[in-house]
Amino acid sequence: MTVMLKRFKQWWQQVQHPIPATMEEFMQVVQIADFEFILRRAKETDIDDIVAMEEDVFDGVAPWSEAVFRAEIQKERGHLYMTLRHPETNSLVAYIGAIFRPGIHEVHITNLAVTPHWQRRQIGTFLLTYLMSLAQQSRYQRISLEVGVHNQVAQTLYQRLGFQIVRRRRNYYGQGIDAFDMAQLLNRHG
C-alpha cells in the first residue's frame, strides 16, 4: 500500500506541476557553435519579437497570431516557451514551445523557429535536445511534434534526433498542406 501511495503522490505532483519548478524564473547563458546566447523562459514582453520572427521564417505570414501566443505564454502550468537571445543585441535568435501532458506522459512541441540569419548553426538541434533532456529528467515517456510534409530540412533534423513519422495528417496546415506527426519514445532511467 505504501508503494502505491508514493506513486500516487508522485503522479499527483506531476499533474499539479508538470514543468519542473526550476523553470519558473529560469535564465542561463549557453554556448552553441562558438556563440553565446541567453536562454530563458518566454514572457509576454517576448511576444512581439516572436510574432515578427514567425513572419520572417514563414514568408511573411505568422501561423499563430499575437493573441494565440499571449494565451499560450500565460498558461504557465503545463506550457513552456523558451527564448534564445543574443546577449549583445538582445535580438531574438530562436524560440521553442511545448506542452507537458502528464496524463499521457508526453511532451508535445508546439513551435520551433530559428531566425534565418542563425539557421544551420545547430541552434534548432540545441533547443530540441535541451527540451528532450528536460522531458526525460521529468520522467516523460514520449515527445511529439508536427512538421510540414514538404519541410525536408526540419524532417531531417527530427529524424537525426530519433523522431519517427507516426502518421500523415491531411490538410493540417490548411487546404492541401499536409503534416506528419512525428514522435519518439524517451528512455527512462530510474
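In this predicted model, a search of the whole structure finds 13 salt bridges. Side chains of opposite charge can pair when their charged atoms come close.

Arg 40 has a relative accessibility of 16%, so Arg 40 counts as buried. Asp 46 has a relative accessible area of 1% and is therefore buried too. The pair is also part of a wider arrangement. Arg 40, Asp 46, Asp 49 and Arg 85 are linked in a network of salt bridges.

Glu 72 and Lys 75 form another salt bridge, with 3.5 Å from N to O. Glu 72 is buried, because its relative accessibility is 11%. Lys 75, by contrast, is partly exposed at 39%.

A further salt bridge joins Asp 178 to Arg 170, with the closest N and O atoms 2.9 Å apart. Asp 178 is buried, because its relative accessible area is 9%. Arg 170 reaches 59% relative accessibility, so Arg 170 counts as exposed. The cut-offs explain these labels: buried means under 20%, and exposed means over 50%.

The surface also carries a nonpolar patch. Tyr 172, Tyr 173 and Ile 177 form this patch, and together they have about 280 Å² of accessible area. Ile 177 sits in the loop between β7 (164–169) and β8 (179–185). Its relative accessibility is 41%, so Ile 177 counts as partly exposed.

Attention now turns to open space in the structure. Rolling a probe the size of a water molecule over the atoms shows where empty space is left. The largest pocket holds about 1,300 Å³ of space. Its lining is made of 38 residues. Phe 58, Leu 112, Asn 151, Ala 154 and Tyr 158 lie nearest the centre of the pocket. Several elements each give two or more residues to this lining: α2 (47–57), β4 (92–101), β5 (106–114), α4 (123–137), β6 (142–148) and α5 (152–160). The largest share comes from β5, which supplies seven residues. By class, the lining of the largest pocket has 21 nonpolar residues, ten polar residues and seven charged residues.

Key
Residues are numbered from 1 along each chain as its sequence is written. This is a predicted model: local features need pLDDT of at least 70, side-chain atom pairs count only at pLDDT 80 or more; totals for chains, interfaces and linings use all residues. Side-chain values use heavy atoms; hydrogens and water are left out. Patches are made of residues with over 30% relative accessible area and no salt bridge: like charges are joined within 9 Å, nonpolar side chains (Val, Leu, Ile, Met, Phe, Trp, Tyr) within 5 Å. Accessible areas come from the Shrake-Rupley method with a 1.4 Å probe; for residues, only the protein chains shown count as cover. A salt bridge is a side-chain nitrogen of Lys or Arg within 4 Å of a carboxyl oxygen of Asp or Glu. Helices (H or I, at least four residues) and strands (E, at least two) are DSSP runs, numbered from the N terminus. Buried means under 20% relative accessible area, exposed over 50%, partly exposed in between (1.4 Å probe, protein chains only). On a 1 Å grid over the protein atoms alone, a cavity is a set of points where a 1.4 Å probe fits but cannot get out, and a pocket is an open set with protein on both sides within 12 Å along at least five of seven lines; lining residues have an atom within 4 Å of a point. Grid points are joined across faces, edges and corners, and a volume is the space filled by probe spheres set on the points. Ala, Val, Leu, Ile, Met, Phe, Trp, Tyr, Cys and Pro count as nonpolar, Asp, Glu, Lys and Arg as charged, and the others, Gly among them, as polar.
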